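Please open the model in a viewer and keep the selection tool at hand.

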Amino acid sequence: ATIAVLNGPNLNLLGIREPGHYGNKTLDDIRQTLANMAEGFQHRLVFHQTNAEHEIVGQVHQAYHDGVDFIIINPAAFTHTSVALRDALLATRIPFIEVHLSNVHAREPFRKHSYFSDIAKGVISGLGATGYELALRAAHQILAERH
Ligand code: DQA
């Protein structure tokens, strides 16, 4: 199957950005780990990061056109703001898991609300880069059970 991993704004700065919240791994470290795992599971992995809302909306549309089976998404700050990204996921009906490196419930109150959690298959928050790996394992299992 094909799995897309989509990352929102400022995640390109992982490794240098607030390591107390986001850890020391770079987004490229995460990408490499997921690529190795996906190969083991015999899935095709596509991986994107963008700082622009219209681009991540476009990546969801593209995922639909490319027949992507599952999305793992860290919408980053768009989590708390983007009706447009929510609508894109609803429109395409691609199942997805929402991932956050930090525990959004242990931070500022505005991070508690997500435009995605109620329509996600599941939500992982606070487990750092491991959260992406757990999401990929869960996606693999959900896709296997689908058939
Ligand atoms: C984040 C949490 C968001 O609140 C924040 O805006 C981010 C990253 C996380 O991975 O912990 O940019 O999604």
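Begin with the largest nonpolar core, which has 31 residues. A nonpolar core here is a set of buried Ala, Val, Leu, Ile, Met, Phe, Trp, Tyr and Cys residues joined through C-beta atoms within 7 Å. A residue counts as buried if 20 or more other C-beta atoms lie within 10 Å of its own, as exposed if 12 or fewer do, and as partly exposed in between, with C-beta atoms placed from the backbone. Select I3, I71, I72, A135 and L136, the residues with the most contacts inside this core. Then colour the elements that give two or more residues to the core: β1 (2–7), α2 (27–41), α3, β3 (70–74), α4 (83–92), β4 and α5 (130–146).

Two notes apply to every stop. Residues are numbered from 1 along each chain as its sequence is written. The model is predicted: local features need pLDDT of at least 70, side-chain atom pairs count only at pLDDT 80 or more, and totals for chains, interfaces and linings use all residues.

Not counting residues up to four places away in sequence, I72 touches I3, V5, F96, I97, V99, Y132, A135, L136 and A139; contact requires C-beta atoms, placed from the backbone, within 7 Å.

Next, select A63 in helix α3 (residues 53–65). A63 is buried, with 25 other C-beta atoms within 10 Å. With residues up to four places away in sequence left out, A63 touches A4, V68, I71, T92 and I94. A distance drawn from A63 to I3 spans 8.9 Å, C-alpha to C-alpha, although the two are 60 residues apart in sequence.

Now zoom out to the whole protein, which has five helices and five strands. Helices (H or I, at least four residues) and strands (E, at least two) are DSSP runs, numbered from the N terminus. From the N terminus on, the order is β-α-α-β-α-β-α-β-β-α. Buried residues make up 31% of the 147 residues. The C-alpha atoms fill a box of roughly 40 × 30 × 25 Å along the principal axes.

Which positions does UniProt mark as "active site"? The unreviewed entry places this feature at Y22 and H100; such annotations may be inferred rather than shown by experiment, and their positions are given in the numbering used here, with feature names shortened. Although spread over 79 residues of sequence, they cluster in space, with a largest C-alpha distance of 9.0 Å.

Select Y22 in helix α1 (residues 19–22). Y22 is partly exposed, with 19 other C-beta atoms within 10 Å. Leaving aside neighbours within four places in sequence, Y22 is in contact with L14, R17, L101 and S102.

Turn to H100 in strand β4 (residues 96–100). H100 is buried, with 23 other C-beta atoms within 10 Å. Beyond residues up to four places away in sequence, H100 touches N74, S125 and G131.

Is S125 buried or exposed? S125 is buried, with 20 other C-beta atoms within 10 Å.

Finally, display the ligand and select the residues around it: N10, N74, A76, A77, T79, H100, L101, S102, V104 and R111.

Terms used:
A residue is near a molecule or strand if its C-beta atom, placed from the backbone, lies within 6 Å of it. Two residues are in contact if their C-beta atoms, placed from the backbone, lie within 7 Å.
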